[in-house]
Amino acid sequence: MNNIRENIRIITENISDACCKCGRENDVELMAVTKTVPPERVNAVFESGVRILGENRVQEFMSKKDSYALDEYKTLSPQVHFIGHLQTNKVKYIINDVDMIQSVDSLKLAQEINRLAAVHNKVMDVLCEVNIGGEDSKSGVLPTQLGELLGQLESLENIRVKGLMTIPPPVDSDIYFGRMSELFNNMKNKYGAEMDILSMGMTHDYVTAVKYGSTIVRVGTGIFGSRDYSRT
Ligand SMILES: *Cc1c(COP(=O)(O)O)cnc(C)c1O
């Protein structure tokens with residue numbers, strides 16, 4: 001587990017250096033992305049001060065969540081954010097166990113989250129996922145359709161739109177993070193009383209993302225090492 005601690009230390013330092021270099025206040029949170037990582041290794045991140053877990057897959061999360069030491073660190077309030085593609089018929093499995101859903105990309109999905117949040121007497125924080133590169137392989141709403149979706153979400157009382165999330169194309173990250181940053185500021189002005197989260201940047205590009213205003217970087221490999229896909 002020593003390597004996890006050391007990895008987190010280095011990433012935290014890189015984030016803080018990146019903030020310094022562009023003269024922004026360091027309000028960046030580091031999320032540990034847990035896909036394929038066994039719970040014992042996931043638990044090691046809480047000791048190193050990481051306060052957000054990122055979950056991609058409903059089934060995997062369901063099978064691991066009871067082994068997470070979330071209660072033990074309750075005073076430090078670790079959060080769980082859902083970041084993977086979410087099917088409408090699976091919202092019911094996670095509605096009570098996550099603090100935020102970062103992957104809202106349709107009205108239909110938002111309506112189901114809203115409906116179930118109301119049933120459970122809560123308001124769910126969500127981010128809209130934007131397909132900033134317009135790639136066929138990725139989910140997310142297209143930049144040109146984002147305004148319409150955000151407008152529709154305003155009437156849903158049991159969800160609170162806290163900002164935007166993206167996974168940009170693997171190349172030209174400066175261009176896409178720059179576009180995201182611009183889009184975020186525009187949308188914030190129009191719809192965004194409560195929009196203060198821009199979730200972007202992964203292991204290979206989080207430093208660049210910080211330069212463009214990311215407030216949550218989502219790091220998997222950089223913390224836990226390369227993923228063992230034979231487990232999934
Ligand atoms: C896997 C994943 C990450 C982390 O990717 P790494 O390259 O391992 O840091 C971040 N965000 C999402 C949505 C992911 O699926």
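Here are some notes on the predicted model above, point by point.

1. Ground rules. Because this is a predicted model, local features need pLDDT of at least 70 and side-chain atom pairs count only at pLDDT 80 or more, while totals for chains, interfaces and linings use all residues. Residues are numbered from 1 along each chain as its sequence is written, and side-chain values use heavy atoms, with hydrogens and water left out.

2. The ligand shell. Taking near to mean a heavy atom within 4 Å, the residues around the ligand are Val33, Lys35, Asn56, Ile83, Ile167, Met202, Thr203, Arg218, Val219, Gly220, Thr221 and Arg227. By class that is five nonpolar, four polar and three charged residues. The scheme counts Ala, Val, Leu, Ile, Met, Phe, Trp, Tyr, Cys and Pro as nonpolar, Asp, Glu, Lys and Arg as charged, and the others, Gly among them, as polar.

3. A side-chain N or O of threonine 203 sits 2.4 Å from a ligand oxygen, and a polar side-chain atom of lysine 35 is 2.6 Å from an oxygen atom of the ligand. The protein buries 90% of the 390 Å² that the ligand exposes when taken alone (Shrake-Rupley areas, 1.4 Å probe; for residues, only the protein chains shown count as cover).

4. Serine 103. This one belongs to strand S4 (helices are DSSP runs of H or I, at least four residues, and strands are runs of E, at least two, numbered from the N terminus). Serine 103 is buried, at 1% relative accessibility; buried means under 20% relative accessible area, exposed over 50%, and partly exposed in between, with a 1.4 Å probe and protein chains only. A polar atom of the serine 103 side chain lies 2.7 Å from the backbone oxygen of glycine 84. Beyond four places in sequence, serine 103 touches Phe82, Ile83, Gly84, Leu86, Leu109, Leu127 and Glu129, where contact means heavy atoms within 4.5 Å.

5. Arginine 24. Look in the loop between helix H1 (2–21) and strand S1 (29–33). The arginine 24 side chain reaches the backbone oxygen of serine 214 at 2.9 Å. Its contacts, leaving aside neighbours within four places, are Cys19, Val210, Gly213, Ser214 and Thr215.

6. Helix H6. Which residues of helix H6 (residues 143–153) are buried? They are Leu146, Gly147, Leu149, Leu150 and Leu153. Their cover includes strand S4 (100–104), helix H5 (107–119), strand S5 (124–130), strand S6 (159–166) and helix H7 (173–191).

7. Cysteines. The whole structure has zero disulfides, a disulfide being a pair of cysteine sulfur atoms within 2.5 Å. For cysteine 20, the nearest cysteine sulfur is that of cysteine 19, 7.5 Å away. Cysteine 20 is exposed at 63% relative accessibility, whereas cysteine 128 is buried at 0%.

8. Backbone angles to check. Most residues other than glycine have a negative phi. Asparagine 121 has a positive phi, near 60 degrees; its place is the loop between H5 and S5, and it is exposed at 74%. Aspartate 172 also has a positive phi, about 55 degrees. Aspartate 172 is in the loop between S6 and H7 and counts as partly exposed, at 47%.

How values were computed
Polar contact = N/O pair within 3.5 Å; in protein donor to acceptor, adjacent residues only side chain to side chain.
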